[in-house]
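Reader: Hi, I'm new to this one. Can you walk me through it?

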Amino acid sequence: MTSALPRIGLSVAALAATLLAAATPPASAAEGQRLTVEITSPGGEGQLMVALFDNPAGWLRAPREGARRPLPPAGEPLRVDFTGLPDAPVAVSVFIDRNGNGRLDSNAIGMPIEPYGFSNDAAGSFGPPRFEQAAVDPRTQSHIRIQLP
């Protein structure tokens, strides 16, 4: 009977290791998803403003994360990496802040006067696109491109 105890102990240890392995997410899932945004702009003066949104209710108002980068020369792509993203759709907005005030300026009737763009090249009619139009899933799409006019 004493010889059965070591085998039971090994079986329990093997079962515990199996359960622990199943309960522990893989390293990539624990770290979250990653999205690389490659932006090509017309160049010129200003800062490139990039915002990532993960909540449709906060679309264009409450970004999860933002980045401000110097504007690269015309046609030279700039890469912005977002890491630790949720396992859910996200959307990206980009604009060139030409005058350094930190916001997208518009004319008297509300039309933007600074270059802007969205993930999926989303465009709204008589306003910005909906979150769903710009949404990308970082689980299946880890690299996107945005071309600013």
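Author: Two strands pair if DSSP finds at least two bridges between them. Strands are DSSP runs of E, at least two residues long, numbered from the N terminus. With that, Met49 stands opposite Phe95 in S5.

Reader: What kind of model is this, and how are residues numbered?

Author: The model is predicted, so local features need pLDDT of at least 70 and side-chain atom pairs count only at pLDDT 80 or more, while totals for chains, interfaces and linings use all residues. Residues are numbered from 1 along each chain as its sequence is written, and side-chain values use heavy atoms, with hydrogens and water left out.

Reader: Back to S5. In what sense do S2 and S5 pair, and over how many bridges?

Author: Antiparallel, over seven bridges. S2 covers residues 47–53 and S5 covers residues 91–97.

Reader: What order do the strands of the open sheet have?

Author: S3-S2-S5-S6, four strands with antiparallel pairing. Strand S3 (65–70) and strand S6 (116–118) are the edges, each pairing on one side only. Neighbouring strands of this sheet are turned by 15 degrees against each other on average, direction ignored. Here axes are lines fitted to C-alpha atoms, and angles run from 0 to 180 degrees between N-to-C directions.

Reader: Which strand pairs with S7 in the parallel sense?

Author: Strand S1 (residues 33–40), over five bridges. Thr36 has His143 in S7 as its bridge partner.

Reader: Which side chains of S7 are buried?

Author: Ile144 and Ile146, which point to one face. Buried means under 20% relative accessible area, exposed over 50%, partly exposed in between (1.4 Å probe, protein chains only).

Reader: New topic. What volume does the largest pocket have?

Author: About 640 Å³. A pocket, on a 1 Å grid over the protein atoms alone, is an open set of points where a 1.4 Å probe fits, with protein on both sides within 12 Å along at least five of seven lines; lining residues have an atom within 4 Å of a point. The volume is the space filled by probe spheres set on the points, which are joined across faces, edges and corners.

Reader: Which residues lie nearest its centre?

Author: Leu60, Leu104, Tyr116, Phe118 and Pro128, out of 30 lining residues. The lining divides into 21 nonpolar, seven polar and two charged residues. Ala, Val, Leu, Ile, Met, Phe, Trp, Tyr, Cys and Pro count as nonpolar, Asp, Glu, Lys and Arg as charged, and the others, Gly among them, as polar.

Reader: Which strand gives the largest share of that lining?

Author: S2, with four residues. S2, S5, S6 and strand S7 (143–147) each supply at least two.

Reader: And how many salt bridges does the structure hold?

Author: Six. A salt bridge is a side-chain nitrogen of Lys or Arg within 4 Å of a carboxyl oxygen of Asp or Glu. One joins Arg34 and Asp81, with the closest N and O atoms 3.3 Å apart. Arg34 is in strand S1 and Asp81 in strand S4 (residues 78–85), 47 residues apart.

Reader: Are Arg103 and Asp105 buried or exposed?

Author: Arg103 counts as exposed at 52% relative accessibility, while Asp105 counts as buried at 9%. They form a salt bridge too, with the closest N and O atoms 3.7 Å apart.
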